[in-house]
Amino acid sequence: ARREAFAARATEVSDLAWEAMRARLARYKEDWGNADAPLGPDVDGDLGRWCKVQRQLRDAGRLAAARVDALDLLCFSWVAPSDVDDPTRADWAGMLARLAAYRDEHGDCDVKKKYQRDPALGGWVAAVRRCRSELGAARVAELDQIGFVWQSSRSCGSAWMSSFRELRAFHAVHGHSDVGAVLGDGHELARWSEAMRAAQAKEAALAQADGALARGGVVTFEVPARR
């Protein structure tokens, strides 16, 4: 009986935590007009990671139907807009019109990948850039006509990618990713690495709390414990 009571309490706590995050997503939608909170250091990273976990759980068949329905009511995208692979599957004319509207408002077509006001447009633009050779001459001409920017003025991932490349170079030299052990814990790259490990641990804990057992395809970077 005690074990059953504990399990019931754990379920109740999990349900309350999930509902709190759903409410945060609802508020995000009120602010931005969509329920697709992105990952990234410049946004609500916790909410973006939670959204990612919900997609993983649904893909694994481990997200309760009631929770799926609750997110559907928010028009939640089960494929993250930034993960779109084939831009031709979208409403091509409609996306061109949205891009033209963006140009008219901002003066260019350089939409960032994780554009909060219209994440579908940001993901579509990023996919178009990746797939230029597969679009065909007619579609490329349409894009050129409205001033499509084939090379983003923003660095890929901006500061995040710069730090990632620096960490990769560090690993190539030292054979591990424990930057603090070599350069000191106060080094900028060491602090960034620690922040990434903390974010990864939080995401893993959230997935475990929601019952996600598999993390297939998710790349992890672990630092061995110092002796």
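Helices H4 and H7 run roughly parallel to each other (an angle under 35 degrees; over 145 counts as roughly antiparallel, 65 to 115 as roughly perpendicular, the rest as oblique). The model is predicted, so local features need pLDDT of at least 70 and side-chain atom pairs pLDDT 80 or more, whereas totals for chains, interfaces and linings use all residues. Residues are numbered from 1 along each chain, and side-chain values use heavy atoms, without hydrogens and water.

H4 spans residues 92–106 and H7 residues 137–145. Helices here are DSSP runs of H or I, at least four residues, numbered from the N terminus. The two pack at about 20°, with axes 11 Å apart. Axes are lines fitted to C-alpha atoms over the stretch in contact, and angles run from 0 to 180 degrees between N-to-C directions. The crossing of H4 and H7 is right-handed (the near helix is turned clockwise from the far one by less than a right angle). H4 contributes Trp92, Leu96 and Leu99 to the contact; H7 contributes Arg139, Glu142 and Leu143 (contact means heavy atoms within 4.5 Å). Of these residues, 4 are nonpolar, none polar and 2 charged.

H4 also packs against H5, at about 105° and with axes 11 Å apart. These helices are therefore roughly perpendicular to each other. On the H4 side, the contact includes Trp92, Met95 and Tyr102. On the H5 side, it includes Ala120, Trp124 and Val128. By class, the contact of H4 with H5 has 10 nonpolar, no polar and 1 charged residues.

The structure holds 6 aromatic pairs (ring centres within 6.5 Å, taking the six-membered ring of Trp). In one, Trp92 and Trp124 have ring centres 5.2 Å apart and planes at 70°, so the pair is edge-to-face (over 60 degrees; under 30 is stacked, the rest tilted). Trp92 lies in H4 and Trp124 in H5 (residues 119–130), 32 residues apart.

Mean pLDDT (confidence per residue, from 0 to 100) is 82 for the protein, and 77% of the residues score at least 70. Confidence is lowest in helix H8, at a mean of 76, and highest in helix H3, at 96.

Key
Ala, Val, Leu, Ile, Met, Phe, Trp, Tyr, Cys and Pro count as nonpolar, Asp, Glu, Lys and Arg as charged, and the others, Gly among them, as polar. pLDDT is the predictor's confidence in each residue, from 0 to 100.
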